[in-house]
There are 2 protein chains.
Amino acid sequence: MEQFETFLGSHLPSAPSFHPHYENSLRQMLIGGGKRFRPALLLGVVRAYNPLLIQSAYHAALAIELLHTYSLIHDDLPAMDNADLRRGIPTLHKTYDEVSAILAGDALNTYAFEVLSNAPFADRVIVKLIRSLAHNGGAEGMVLGQAIDCHFENFRLELDQVKMLHIHKTGKLIAAALQMGAFIVGRDDMAQELYDFGIDLGLLFQIQDDILDVTQNEIQAGKTTNNDQAKNSFVTLLGFERAMEEANILADKINRQMTSFDENLQRELSPTLNHYINRHKD
Amino acid sequence: MEQFETFLGSHLPSAPSFHPHYENSLRQMLIGGGKRFRPALLLGVVRAYNPLLIQSAYHAALAIELLHTYSLIHDDLPAMDNADLRRGIPTLHKTYDEVSAILAGDALNTYAFEVLSNAPFADRVIVKLIRSLAHNGGAEGMVLGQAIDCHFENFRLELDQVKMLHIHKTGKLIAAALQMGAFIVGRDDMAQELYDFGIDLGLLFQIQDDILDVTQNEIQAGKTTNNDQAKNSFVTLLGFERAMEEANILADKINRQMTSFDENLQRELSPTLNHYINRHKD
């Protein structure tokens with residue numbers, strides 16, 4: 001992922017003006033680290049089926065990281081998680097102010113689509129990529145998950161509702177990353193299978209995140225932790241033991257799905273899954 | 001514009017879930033009225049050059065209205081204008097809460113690009129439309145204008161800086177509307193000229209808005225007024241008389257540009273300009 005970091009570093013949003021920190025506010029959370037899980041998945045699919053397209057695929061990987069990063073900036077706002085720390089550094093509204101954080105999030109959201117519209121793919125591929133990112137990252141996808149999460153912060157939801165929450169909040173963007181990889185390499189026949197795999201992966205990711213949230217401190221996690229305890233986390237809902245059980249069941253399912261994939265896809269996705277599963281999410 | 005309202009009403013964002021007001025929060029500001037200035041400009045260009053494409057063009061007009069509406073929702077937030085009233089109804093964060101307003105704005109921003117990605121145009125046209133909307137509505141466009149506006153709320157800017165502020169905050173999206181109209185009808189040769197015309201139009205629109213802001217009350221304007229007085233409004237900067245003068249100079253320039261356009265374009269844009277110029281902006 002080193003090459004992707006270099007690409008990201010040279011494709012940061014640019015907006016020169018007499019505003020003293022606007023451009024920095026757009027960049028801070030992007031260069032502030034992050035595990036690049038979604039880019040890694042998208043790039044894994046591309047590497048498996050057509051490694052020659054990897055340079056072009058960086059544009060799409062950047063777009064999905066932009067959308068993810070905007071969502072983190074807004075999640076951390078005082079009206080939502082009110083977090084002071086993210087990716088090991090102060091959150092944007094702590095570094096600057098709330099206006100800067102709201103607007104940086106807005107700008108990165110839109111910029112994701114600008115990056116895709118300028119990506120070096122055929123127009124029909126660009127349109128598919130934008131459709132997938134917008135649908136899964138938007139009103140019926142990630143944002144719905146976040147809305148449910150915030151609104152029911154102090155209500156106990158049913159397990160199915162919590163699953164729906166996280167399928168939207170976390171799963172859909174991960175699923176889109178894999179699906180977008182399939183579109184880039186022209187393997188539209190794989191798009192649905194990879195999408196479904198991504199939904200499961202997102203759910204596992206979230207359960208693990210909930211587990212880590214109660215076992216890690218802020219320095220280990222690089223962000224404000226123990227924030228989710230009052231919320232509908234899987235640990236709160238199921239208890240620690242059963243949350244671990246659910247995580248293991250899902251991990252088994254994901255492993256079975258992995259073995260059904262082409263060898264080259266298994267080879268390319270394995271390092272990413274091994275690296276991130278059972279670690280923390282950014 | 002009645003047909004566009006009907007189209008908008010049947011293409012509202014949909015996101016059924018067990019959340020009690022999420023879907024309503026996405027729709028409230030869209031159906032809450034608004035002058036549809038940007039859609040009217042886009043549709044005017046399409047009607048001038050290829051009226052057969054008007055049904056398809058509604059998708060693009062909706063996209064630009066979605067982007068504009070998200071920006072109003074976020075502008076009204078407590079951290080920014082802290083407005084209670086918009087389009088004659090309570091602002092979203094007043095009706096529900098801040099989280100709902102932030103997330104509805106986020107969702108509408110993304111949804112604008114989903115709508116374009118599904119619009120009934122050739123892929124190469126869709127890509128051009130998305131590129132224009134994202135570039136002008138994003139980090140280097142509208143959002144930069146808003147960032148400057150908020151950050152320098154209590155500083156006196158130079159006239160050139162205030163112009164730059166409003167060219168970005170208001171002009172660029174209006175310019176994009178006209179440019180997108182040109183792309184839809186395949187008149188890419190007209191795109192730059194219409195874009196520049198839109199920048200002037202946006203500036204005039206803003207000066208008039210500033211003038212109305214000190215002459216109208218909330219009921220007439222349908223939104224919280226006198227909010228902009230402490231800010232870098234043209235009236236604050238130039239005084240009422242000189243702001244009126246600037247508005248007249250700009251109006252003359254726009255009229256001259258209009259007479260240089262094809263007759264059919266003049267005919268289609270005139271009603272919109274006559275209707276909105278010297279009235280208030282939503």
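## Where chains A and B meet

Let's start with something absent: across the interface of chain B and chain A, the rule finds 0 salt bridges. Keep in mind that this is a predicted model.

What does turn up there? The rule finds 16 residue pairs in polar contact across the interface of chain B and chain A, with both residues at pLDDT 80 or more.

Which elements of chain B give two or more residues to the side that touches chain A? They are α2 (22–31), α4 (54–75), α6 (98–117), α7 (123–137), α8 (142–151) and α9 (159–184) of chain B. The top contributor is α6(B), which gives the most to that side, with 11 residues.

Now for the size of the meeting place. The size of an interface is often given as the accessible area lost when the parts come together. Here, the area buried between chain B and chain A is about 4,500 Å², and carbon and sulfur atoms give 71% of that. Three residues stand out on the chain B side: Phe18(B), Thr110(B) and Ala139(B) supply 14% of the area that chain B buries against chain A, more than any other three residues. As for head counts, the contact takes 50 residues from chain B and 50 residues from chain A.

### Rings that pair up

Next, the aromatic side chains. A search of the whole structure finds 13 aromatic pairs over all chains. Here are two of them, both from chain B:

| Pair | Centre to centre | Angle between planes | Type |
|---|---|---|---|
| Phe152(B) and Phe155(B) | 6.0 Å | 70° | edge-to-face |
| Phe197(B) and Phe261(B) | 5.0 Å | 80° | edge-to-face |

The pair of Phe197(B) and Phe261(B) links distant parts of the chain, 64 residues apart. Phe197(B) sits in helix α10 (residues 188–215) of chain B, while Phe261(B) is in the loop between α13 (240–260) and α14 (263–276) of chain B.

Definitions and conventions: Residues numbered from 1 in each chain as written. Chains lettered and ligands numbered in written order. Heavy atoms only, no water. Contact = heavy atoms within 4.5 Å. Buried area = accessible area lost by both parts, 1.4 Å probe. Salt bridge = Lys/Arg side-chain N within 4 Å of Asp/Glu carboxyl O. Polar contact = N/O pair within 3.5 Å; in protein donor to acceptor, adjacent residues only side chain to side chain. Helix = DSSP H or I, 4+ residues; strand = E, 2+ residues; numbered from the N terminus. Phe/Tyr/Trp six-rings, centres within 6.5 Å; stacked < 30°, edge-to-face > 60°.
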